[in-house]
Amino acid sequence: MQRQNIRIGSQITGDTLRSVLDHSFATPLKQIQSSNVYQAGNARMRRVVHDLQRGNPIKIVAIGGVATNGSDASSPGSDDFFALYVKYLKRAFPNARVEPVRSSAGIAPSAVVAECLSSYLPKDADLVLLEMTANDGVGMDASLIDGHNAKAYEILLRGILGAEKTPALILTQSMVNGMGNGSTPFYLTPEAPQYAALASYYGTPVVSMRNAIWGSGTPTRNSDMITDQVVQGDGSTPLSPGHRSMADMLVFNTQRTAEDLLLLPYGDYDTQSIAMKVPDTPVYGDVSSEPWTVLSNSTCMWVRNISAPDTRLCPVNMAQMCSLDYSNRANMLRTYDERIDTRTSNSKAALIGGVVAGVVGGLLLIGGLLAFCIISKKRHAQKVAAAAEAKAAARRKEMASSGSHGVPITATSRQDF
């Protein structure tokens, strides 16, 4: 209410931003302010909010792991952070059409999303919420030493920022394993310093779940924190209260951007900034010289961290990388070639990992699906693998007879809220 009475020149904020500022925060304001870690020049997000104010349609895409999948919210697709934020945008900008797309990467790291980006990012995306901190945190300690994850994350950022429609990108940093059950300290996360440095270099806004909820948790003797906003088992996956906090920090970012547009209306400064190319020189040199080496190393490191240390689990080409099933830990190498809609998933596997919202079907046919075999000894895993291989073989036979090479099945799916 106080913000609605601010006078900027001859304008009262409430006259033009009443619906934008109309939001009941579930998180204390001080913590929400802290969650907006970095705003940067923000020209791309200014363009998105400007378009919303003018009633132009936008497509908003959430790319990430279990939090993005909404698995542990009480009503996935309704009260997870992405659904809540989309609902806010529709209330705040009633004249604009907001099309949401949820691209779940399950428990896969940034390296997989970077290599298979066309399966996750629609070409006409206007705004991307990238939530990969929790997934990359599995290989966090090694990343602090050799930087594989940070390099893969940089490749992913460059891919999104360099997309044809120059989408706005908000790094939506969730918490890593153990941060909410008192076993991992505040500082032990790829969110800082590596990802913070990349955000500064590329001028990409950052919002932090860690910052938003840490102050409301219960401190421990070791200066860690326990909170009921996340699943106590892993200490990172948000429950409904955690999702509300994540939505709050995105809402606050949008409100600040709208207020900034009153101070400095959208204009040439923004268009010139958006037109600037992604820097030719990356932070990490081998990101340009050896991108596949970076991505495969990061993926192999991640695989070994959550499974038996077996180099045969490492993908050897893009087809194998994109065909891995990252929906759960018990059956990592199960492959499939049908799009999976995460909106209706309430299974235990979804709670653990979520699913890739689609995979690259054509690449499965081309890229050597038979090179993979299920090494799990469980009969269930063997049956699933056999069924998947039989279906793939049938499709290959059908495609061969028709002379077609197939096309990738995108990992994006429209979701209406």
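**Fold, disulfide and local geometry of the predicted model**

Pro193 lies in the loop that runs between strand 7 (168-173) and helix 10 (194-202). The peptide bond leading from Ala192 into Pro193 is cis, with omega near 10°. This feature belongs to a predicted model, whose overall composition and confidence are described next.

The protein chain contains 19 helices and ten strands. Of its 417 residues, 58% count as buried. When contacts between residues at least 6 apart in sequence are considered, 79% join residues at least 24 apart. The mean pLDDT of the chain is 78, and 73% of the residues reach 70 or more. Residues 329-412 have a pLDDT below 50, and this stretch has 161 contacts in the model beyond near neighbours in sequence.

One disulfide is counted in the model. In general terms, a disulfide is a covalent bond between the sulfur atoms of two cysteines. Here the bond is formed by Cys116 and Cys322, with their sulfur atoms 2.0 Å apart. The angle about the S-S bond is -105°, and the link of Cys116 and Cys322 is left-handed. Cys116 lies in the loop between helix 6 (110-115) and strand 6 (127-131), whereas Cys322 belongs to helix 16 (residues 318-323); the pair therefore ties together parts that are 206 residues apart in sequence. Both Cys116 and Cys322 are buried.

A further cysteine, Cys314, is located in the loop between helix 15 (291-306) and helix 16. Cys314 counts as buried because its relative accessibility is 10%, the cut-off being under 20%. Along the chain, Cys314 and Met301 are 13 residues apart, and their C-alpha atoms are separated by 8.6 Å.

The packing of helices is illustrated by helix 5 (residues 81-92) and helix 12 (residues 240-263), whose axes come within 8 Å and cross at roughly 35°. This crossing of helix 5 and helix 12 is right-handed. On the side of helix 5, the contact is made by Phe81, Leu84, Tyr85, Tyr88 and Leu89. Helix 12 contributes His243, Arg244, Met246, Ala247, Leu250, Val251, Thr254 and Gln255 to the contact.

Helix 5 also holds Phe82. With a relative accessible area of 0%, Phe82 is buried. Phe82 and Leu129 are 47 residues apart in sequence, while the distance between their C-alpha atoms is 8.8 Å.

The place of Asp270 is in helix 13 (residues 268-275). Asp270 has a relative accessible area of 1% and is therefore buried. The side chains of Asp270 and Arg46 are joined by a polar contact of 2.5 Å. Apart from residues up to four places away in sequence, Asp270 touches Ala43, Arg46 and Pro265.

Lys59 is placed in strand 4 (residues 58-64). Its relative accessibility is 12%, so Lys59 counts as buried. A polar contact of 3.0 Å links the side chain of Lys59 to that of Asp124. When residues up to four places away in sequence are set aside, Lys59 touches Glu99, Val101, Pro122, Asp124, Ala125, Asp126 and Leu127.

Backbone geometry was also considered. Asn42 is not a glycine, yet it has a positive phi of about 65°. Asn42 is found in the loop between strand 3 (36-38) and helix 3 (43-53). The relative accessible area of Asn42 is 6%, and Asn42 is therefore buried. Thr166, which is likewise not a glycine, has a positive phi of about 45°. The position of Thr166 is in the loop between helix 9 (148-161) and strand 7.

Key
Residues are numbered from 1 along each chain as its sequence is written. This is a predicted model: local features need pLDDT of at least 70, side-chain atom pairs count only at pLDDT 80 or more; totals for chains, interfaces and linings use all residues. Side-chain values use heavy atoms; hydrogens and water are left out. pLDDT is the predictor's confidence in each residue, from 0 to 100. Contact means heavy atoms within 4.5 Å. A disulfide is a pair of cysteine sulfur atoms within 2.5 Å. Helices (H or I, at least four residues) and strands (E, at least two) are DSSP runs, numbered from the N terminus. Buried means under 20% relative accessible area, exposed over 50%, partly exposed in between (1.4 Å probe, protein chains only). A polar contact is a pair of N or O atoms within 3.5 Å; within protein, one must be able to donate a hydrogen and the other to accept it, and residues adjacent in sequence count only if both atoms are side-chain atoms. Axes are lines fitted to C-alpha atoms, for helices over the stretch in contact, and angles run from 0 to 180 degrees between N-to-C directions. A crossing is left-handed if the near helix is turned anticlockwise from the far one by less than a right angle, and right-handed if clockwise.
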